[in-house]
Amino acid sequence: MSRNILVTGGARGIGKGIAKAFLTNGDRVLIADLGIRSSWKYDLSTESDLNDAAEELKELGSVDAINLDVTEFESCLSAVMQMVEDAGSLDVLVNNAGIVDSGPIDAFPEANWDRVFEVNVKGIYNMTRAALPYLRESEDSAIVNTASIAGKRGSANMSCYCASKFAVIGLTQSLAQELAQSGIRVNAVCPGIVGTAMWFDHLMANQGEEAFDAAMARRIPLQRPQTIGDIGEAVVYLASAKNVTGISMNVAGGLEMN
Ligand code: NAD
């Protein structure tokens, strides 16, 4: 049966891959992402990125787009209401929007620390609260959070991002316990390394795609970075598996095994 799926951070990167996978599965998708230029260490999506993504995805099925800032509860509520008004229900919430920053703890600006937690952690709290009344009404509902292998193991100079992703895994497990009686399954996907803006515009900025691929081939047991398709496939599984809840599944080519 076709379901109605809301994907945050859906204008590009992993979120767009997740949207593609649901559309290919025959589901209806609302991609939700920032509509205004938001200042960060690297460019985040704009309204035109969001509209271009929706245009491209239309070839695969029924897709709409909406501006969303996950740090604002009212904005989350509007996105949820658009899905329910247009499609009649909300069955699956994919909390994928996220940002990264890195650097030694003693030089890490407090404002950046707060912003990473506001988007990566509080964003999930806001979206989940906005969506819950409708997820409870659905006969086949699930939440999938995009955590990371950075939520399973700490790394030097990544304390803020890792802590935020450990928090996503804690949220996932707690919500899975809390919402099981309502029939809502809650899982997380933990991508390994996917060549998106996070890498090309921040973590490995100015090094080029070839250097990225070569570095990842050396580092990852299966010898390649992950694709947005790899992550999309896993998220569709996590949103569909009827007796799976509370897991945080690595899609990392063996880079993380716990
Ligand atoms: P990306 O920067 O291409 O995508 C992130 C999207 O989130 C962007 O479109 C951005 O505009 C949106 N976003 C940021 N702040 C937002 C806000 N306040 N409200 C709404 N949308 C907002 O990067 P990506 O790699 O596709 O990241 C997607 C998710 O995957 C993130 O949660 C990230 O932490 C996670 N992740 C990425 C990797 C990787 O290697 N790329 C690995 C593990 C986990």
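Helices are DSSP runs of H or I spanning at least four residues, numbered from the N terminus. On that basis, α4 is the element that gives the most to the lining of the second largest cavity, with four residues. The model examined here is predicted.

Two cavities of 30 Å³ or more were counted.

For the largest cavity, a volume of about 40 Å³ was computed. The residues that line the largest cavity are Arg28, Val29, Leu30, Asp64, Gln82, Met83 and Asp86. Two or more of these residues come from each of β2 and α3 (73-87). The lining of the largest cavity has three charged residues, along with three nonpolar and one polar.

The largest pocket has a volume of about 960 Å³. A total of 44 residues line the largest pocket, and those nearest its centre are Ser148, Tyr161, Lys165, Met198 and Trp199. At least two lining residues are supplied by each of α1, β2 (28-33), α4 (110-137), α5 (159-179) and α6 (197-203). Of the elements, α6 gives the most to the lining of the largest pocket, with four residues. By class, the lining of the largest pocket divides into 24 nonpolar, twelve polar and eight charged residues.

The axes of α1 (residues 13-24) and α8 (residues 228-240) come within 8 Å of each other and cross at roughly 55°. Angles of 65 to 115 degrees count as roughly perpendicular and those under 35 degrees as roughly parallel, so α1 is oblique to α8. The crossing of α1 with α8 is right-handed. On the α1 side, the contact is made by Gly13, Ile14, Gly17, Ile18, Ala21 and Phe22, and on the α8 side by Ile228, Ile231, Gly232, Glu233, Val235, Val236 and Ala239. The contact of α1 with α8 contains nine nonpolar, three polar and one charged residues.

Notes:
Residues numbered from 1 in each chain as written. Predicted model: local features only at pLDDT ≥ 70, side-chain atom pairs only at ≥ 80, totals over all residues. Heavy atoms only, no water. Axes fitted to C-alpha atoms, helices over the stretch in contact; angles between N-to-C directions. Parallel < 35°, antiparallel > 145°, perpendicular 65-115°, else oblique. Left-handed = near helix turned anticlockwise from the far one by under 90°. Contact = heavy atoms within 4.5 Å. Nonpolar A, V, L, I, M, F, W, Y, C, P; charged D, E, K, R; others polar. 1 Å grid on protein atoms, 1.4 Å probe; cavity = no way out; pocket = protein on both sides within 12 Å on 5 of 7 lines; lining within 4 Å. Points joined across faces, edges and corners; volume = space filled by probe spheres on them.
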